[in-house]
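User: I would like to learn how to read the cavity and the salt bridges in a structure. Could you take me through them step by step?

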Amino acid sequence: MDSSAVITQICKEEARGPLRGKGDQKSVTSHKPRSRGILHSLFCCVCRDDGEAVPAHSGAPLLVEENGAVPKTPVQYLLPEVKAQDSDKICVVIDLDETLVHSSFKVYVLKRPHVDEFLQRMGELFECVLFTASLAKYADPVADLLDKWGAFRARLFRESCVFHRGNYVKDLSRLGRDLRRVLILDNSPASYVFHPDNAVPVASWFDNMGDTELHDLLPFFEQLSRVDDVYSVLRQPRPGS
(Lines give C-alpha, C1' and ligand atoms only; values in the text may rest on other atoms or scores of the structure.)
Protein backbone atom coordinates (compact mmCIF):
# COMPACT_ATOMS: atom_id res chain seq x y z
CA MET A 1 0.00 0.00 0.00
CA ASP A 2 1.30 3.49 -0.88
CA SER A 3 1.81 5.23 2.46
CA SER A 4 1.16 8.64 0.85
CA ALA A 5 -2.46 7.62 0.37
CA VAL A 6 -3.02 7.02 4.09
CA ILE A 7 -4.51 9.99 5.94
CA THR A 8 -4.32 8.48 9.41
CA GLN A 9 -4.20 5.17 11.22
CA ILE A 10 -6.92 4.09 13.63
CA CYS A 11 -7.45 1.22 15.99
CA LYS A 12 -10.06 -1.45 15.20
CA GLU A 13 -12.30 -0.63 18.15
CA GLU A 14 -12.48 3.06 17.22
CA ALA A 15 -13.15 2.20 13.57
CA ARG A 16 -16.70 1.16 14.31
CA GLY A 17 -17.90 4.75 13.99
CA PRO A 18 -17.00 6.08 10.48
CA LEU A 19 -19.04 5.15 7.43
CA ARG A 20 -20.69 1.86 6.66
CA GLY A 21 -23.22 3.16 4.21
CA LYS A 22 -23.90 6.86 4.04
CA GLY A 23 -26.91 7.00 6.33
CA ASP A 24 -25.32 5.75 9.52
CA GLN A 25 -23.98 8.89 11.11
CA LYS A 26 -25.09 11.99 12.97
CA SER A 27 -23.43 15.32 12.23
CA VAL A 28 -22.99 18.90 13.29
CA THR A 29 -22.89 21.87 10.92
CA SER A 30 -19.69 23.86 10.75
CA HIS A 31 -18.66 26.78 8.58
CA LYS A 32 -14.95 26.78 9.28
CA PRO A 33 -12.25 24.30 10.27
CA ARG A 34 -11.96 23.73 13.97
CA SER A 35 -8.87 23.80 16.11
CA ARG A 36 -8.62 20.52 17.97
CA GLY A 37 -6.37 17.61 18.78
CA ILE A 38 -7.01 15.89 15.47
CA LEU A 39 -5.45 12.49 16.01
CA HIS A 40 -6.85 12.28 19.52
CA SER A 41 -10.43 12.91 18.46
CA LEU A 42 -10.53 11.37 14.99
CA PHE A 43 -12.44 8.18 15.60
CA CYS A 44 -13.61 8.44 19.20
CA CYS A 45 -17.24 8.96 18.27
CA VAL A 46 -20.13 6.55 18.71
CA CYS A 47 -22.68 6.32 15.90
CA ARG A 48 -26.30 7.05 16.59
CA ASP A 49 -28.95 6.23 14.04
CA ASP A 50 -32.17 7.80 15.26
CA GLY A 51 -33.66 8.17 11.78
CA GLU A 52 -35.13 11.61 12.54
CA ALA A 53 -35.49 14.33 9.97
CA VAL A 54 -34.13 17.78 10.67
CA PRO A 55 -36.94 19.84 12.26
CA ALA A 56 -38.19 22.74 10.17
CA HIS A 57 -38.48 25.03 13.20
CA SER A 58 -37.99 25.05 16.96
CA GLY A 59 -41.68 24.61 17.79
CA ALA A 60 -41.94 28.05 19.41
CA PRO A 61 -45.32 29.79 19.05
CA LEU A 62 -45.69 32.28 16.18
CA LEU A 63 -46.25 35.95 16.99
CA VAL A 64 -49.31 37.31 15.19
CA GLU A 65 -49.76 40.97 14.28
CA GLU A 66 -52.82 42.92 15.46
CA ASN A 67 -54.40 42.62 12.01
CA GLY A 68 -54.11 38.83 12.20
CA ALA A 69 -51.18 38.56 9.78
CA VAL A 70 -48.38 36.15 10.55
CA PRO A 71 -45.04 37.91 10.03
CA LYS A 72 -42.60 36.23 7.72
CA THR A 73 -39.59 34.78 9.47
CA PRO A 74 -36.22 34.88 7.72
CA VAL A 75 -35.27 31.62 6.05
CA GLN A 76 -32.38 29.89 7.79
CA TYR A 77 -30.07 28.72 5.04
CA LEU A 78 -27.30 26.20 5.60
CA LEU A 79 -24.55 28.42 4.23
CA PRO A 80 -23.46 31.93 5.21
CA GLU A 81 -23.49 34.73 2.66
CA VAL A 82 -21.06 34.34 -0.21
CA LYS A 83 -17.63 35.82 0.45
CA ALA A 84 -16.36 38.50 -1.90
CA GLN A 85 -13.71 36.15 -3.28
CA ASP A 86 -16.42 33.71 -4.38
CA SER A 87 -19.10 36.15 -5.53
CA ASP A 88 -18.77 35.19 -9.19
CA LYS A 89 -18.16 31.49 -8.62
CA ILE A 90 -20.48 28.50 -8.87
CA CYS A 91 -21.05 26.61 -5.61
CA VAL A 92 -19.92 22.96 -5.69
CA VAL A 93 -21.08 20.55 -2.99
CA ILE A 94 -18.54 17.73 -2.58
CA ASP A 95 -19.14 14.45 -0.78
CA LEU A 96 -16.47 12.80 1.39
CA ASP A 97 -16.73 9.02 1.81
CA GLU A 98 -16.26 6.88 -1.29
CA THR A 99 -15.88 10.13 -3.27
CA LEU A 100 -12.66 11.63 -1.86
CA VAL A 101 -11.61 8.99 0.69
CA HIS A 102 -12.46 5.51 1.92
CA SER A 103 -12.61 4.62 5.60
CA SER A 104 -11.47 1.05 6.08
CA PHE A 105 -12.56 -1.00 9.06
CA LYS A 106 -9.11 -2.60 8.99
CA VAL A 107 -7.09 0.43 10.08
CA TYR A 108 -6.79 3.16 7.52
CA VAL A 109 -8.48 6.15 5.96
CA LEU A 110 -7.27 6.17 2.36
CA LYS A 111 -7.11 9.14 0.03
CA ARG A 112 -8.47 8.64 -3.46
CA PRO A 113 -5.75 9.00 -6.13
CA HIS A 114 -5.37 12.58 -7.46
CA VAL A 115 -7.46 14.02 -4.61
CA ASP A 116 -4.79 16.62 -3.74
CA GLU A 117 -4.63 17.93 -7.29
CA PHE A 118 -8.41 17.84 -7.52
CA LEU A 119 -9.15 19.80 -4.34
CA GLN A 120 -6.49 22.40 -5.01
CA ARG A 121 -7.89 23.18 -8.47
CA MET A 122 -11.53 23.01 -7.38
CA GLY A 123 -10.83 25.54 -4.64
CA GLU A 124 -9.51 27.93 -7.28
CA LEU A 125 -12.48 27.49 -9.62
CA PHE A 126 -15.47 27.23 -7.27
CA GLU A 127 -17.01 28.00 -3.91
CA CYS A 128 -16.50 24.47 -2.54
CA VAL A 129 -18.60 23.05 0.29
CA LEU A 130 -17.99 19.72 1.99
CA PHE A 131 -21.35 18.03 2.55
CA THR A 132 -21.39 14.58 4.12
CA ALA A 133 -23.93 12.42 5.96
CA SER A 134 -21.15 11.30 8.30
CA LEU A 135 -20.54 12.33 11.90
CA ALA A 136 -18.74 15.63 12.35
CA LYS A 137 -16.43 13.95 14.90
CA TYR A 138 -15.19 11.72 12.11
CA ALA A 139 -15.50 13.90 9.02
CA ASP A 140 -14.22 17.22 10.38
CA PRO A 141 -10.76 15.95 11.43
CA VAL A 142 -10.44 14.00 8.17
CA ALA A 143 -11.23 17.17 6.24
CA ASP A 144 -8.64 19.07 8.29
CA LEU A 145 -6.00 16.61 7.15
CA LEU A 146 -7.30 16.34 3.60
CA ASP A 147 -7.87 19.98 2.68
CA LYS A 148 -4.42 21.57 2.75
CA TRP A 149 -5.47 24.54 0.62
CA GLY A 150 -8.63 25.71 2.34
CA ALA A 151 -10.74 24.64 -0.63
CA PHE A 152 -13.80 24.05 1.55
CA ARG A 153 -15.45 27.36 2.43
CA ALA A 154 -17.94 25.53 4.64
CA ARG A 155 -18.59 22.04 6.01
CA LEU A 156 -22.00 20.46 6.40
CA PHE A 157 -22.68 17.19 8.20
CA ARG A 158 -25.50 14.77 8.91
CA GLU A 159 -27.85 17.16 10.71
CA SER A 160 -27.93 19.32 7.58
CA CYS A 161 -29.34 16.42 5.56
CA VAL A 162 -33.02 15.60 5.13
CA PHE A 163 -34.07 12.08 6.11
CA HIS A 164 -36.15 10.81 3.18
CA ARG A 165 -37.25 7.22 2.55
CA GLY A 166 -34.41 5.74 4.54
CA ASN A 167 -31.67 7.95 3.10
CA TYR A 168 -29.97 11.16 4.15
CA VAL A 169 -30.54 13.54 1.26
CA LYS A 170 -28.57 16.72 0.59
CA ASP A 171 -31.28 19.25 -0.20
CA LEU A 172 -29.52 21.83 -2.33
CA SER A 173 -32.44 24.26 -2.06
CA ARG A 174 -31.52 24.81 1.60
CA LEU A 175 -28.01 26.08 0.82
CA GLY A 176 -29.04 29.67 0.11
CA ARG A 177 -27.58 29.66 -3.40
CA ASP A 178 -29.15 30.01 -6.85
CA LEU A 179 -29.72 26.43 -8.00
CA ARG A 180 -28.70 27.41 -11.52
CA ARG A 181 -25.24 27.90 -10.08
CA VAL A 182 -24.98 24.88 -7.80
CA LEU A 183 -23.31 21.51 -8.51
CA ILE A 184 -23.03 18.37 -6.42
CA LEU A 185 -20.33 15.71 -6.73
CA ASP A 186 -21.39 12.52 -4.97
CA ASN A 187 -21.07 8.77 -5.53
CA SER A 188 -24.58 8.09 -4.17
CA PRO A 189 -27.59 9.08 -6.35
CA ALA A 190 -29.79 8.86 -3.25
CA SER A 191 -27.88 11.84 -1.83
CA TYR A 192 -29.03 14.16 -4.61
CA VAL A 193 -32.43 12.63 -5.41
CA PHE A 194 -34.12 16.05 -4.94
CA HIS A 195 -31.86 17.72 -7.54
CA PRO A 196 -30.53 15.15 -10.03
CA ASP A 197 -30.05 17.82 -12.70
CA ASN A 198 -27.40 19.49 -10.53
CA ALA A 199 -25.32 16.35 -10.11
CA VAL A 200 -21.99 15.32 -11.53
CA PRO A 201 -21.95 11.59 -10.71
CA VAL A 202 -18.72 9.94 -9.63
CA ALA A 203 -18.00 6.23 -9.23
CA SER A 204 -17.62 4.90 -5.69
CA TRP A 205 -14.00 4.42 -4.66
CA PHE A 206 -12.66 1.97 -2.11
CA ASP A 207 -9.03 0.97 -2.64
CA ASN A 208 -8.13 0.95 -6.34
CA MET A 209 -4.92 2.98 -6.35
CA GLY A 210 -4.97 3.05 -10.15
CA ASP A 211 -8.21 5.07 -10.17
CA THR A 212 -8.10 8.28 -12.26
CA GLU A 213 -11.68 9.54 -11.95
CA LEU A 214 -10.96 12.77 -10.07
CA HIS A 215 -8.19 13.63 -12.50
CA ASP A 216 -10.45 12.83 -15.47
CA LEU A 217 -13.27 15.03 -14.12
CA LEU A 218 -11.17 18.20 -13.90
CA PRO A 219 -11.56 19.24 -17.57
CA PHE A 220 -15.33 18.91 -17.24
CA PHE A 221 -15.35 21.06 -14.10
CA GLU A 222 -13.13 23.60 -15.87
CA GLN A 223 -15.88 23.87 -18.50
CA LEU A 224 -18.64 24.14 -15.88
CA SER A 225 -16.82 26.90 -14.02
CA ARG A 226 -17.31 29.21 -17.02
CA VAL A 227 -21.07 28.78 -17.56
CA ASP A 228 -23.79 31.08 -16.25
CA ASP A 229 -26.33 28.28 -15.79
CA VAL A 230 -25.21 24.73 -14.92
CA TYR A 231 -28.41 23.29 -16.41
CA SER A 232 -27.27 24.43 -19.84
CA VAL A 233 -24.62 21.71 -19.60
CA LEU A 234 -25.95 19.12 -17.15
CA ARG A 235 -29.36 18.76 -18.79
CA GLN A 236 -27.76 17.90 -22.12
CA PRO A 237 -27.22 14.25 -23.09
CA ARG A 238 -23.76 13.11 -22.03
CA PRO A 239 -21.45 10.88 -24.05
CA GLY A 240 -22.17 7.24 -23.31
CA SER A 241 -25.47 7.94 -21.55
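Predicted model: local features only at pLDDT ≥ 70, side-chain atom pairs only at ≥ 80, totals over all residues.

User: Which residues line the largest cavity?

Analyst: The lining is made up of Leu79, Pro80, Glu81, Val82, Lys83, Asp86, Glu127, Val129, Arg153, Ala154 and Arg177. Strand S5 (residues 127-131) and strand S6 (152-156) are the elements that give two or more residues to this lining.

User: How many nonpolar, polar and charged residues does that lining have?

Analyst: Sorted by class, there are 5 nonpolar and 6 charged residues in the lining of the largest cavity, with no polar ones.

User: Now for the charges. How many salt bridges does a search of the whole structure find?

Analyst: To read a salt bridge, look for a side-chain nitrogen of Lys or Arg within 4 Å of a carboxyl oxygen of Asp or Glu. The search of the whole structure gives 14 of them.

User: Which salt bridge involves Arg177?

Analyst: Arg177 pairs with Glu127, at 2.8 Å from N to O. Arg177 sits in the loop between strand S8 (167-169) and strand S9 (182-186), while Glu127 belongs to strand S5, so this pair ties together parts that are 50 residues apart in sequence.

User: Are Arg177 and Glu127 buried or exposed?

Analyst: Arg177 and Glu127 are both buried. For this label, the relative accessible area has to be under 20%.

User: Where do the partners Asp197 and Arg235 lie?

Analyst: Start with the contact itself: the side chains of Asp197 and Arg235 form a salt bridge of 3.1 Å, N to O. Asp197 is in the loop between S9 and strand S10 (199-201), and Arg235 is in the segment after helix H5 (231-234), so the pair joins parts that are 38 residues apart in sequence. Asp197 is partly exposed, at 32% relative accessibility.

How values were computed. Residues numbered from 1 in each chain as written. Heavy atoms only, no water. Helix = DSSP H or I, 4+ residues; strand = E, 2+ residues; numbered from the N terminus. Buried < 20%, exposed > 50% of the residue type's maximum accessible area, 1.4 Å probe, protein only. 1 Å grid on protein atoms, 1.4 Å probe; cavity = no way out; pocket = protein on both sides within 12 Å on 5 of 7 lines; lining within 4 Å. Nonpolar A, V, L, I, M, F, W, Y, C, P; charged D, E, K, R; others polar.
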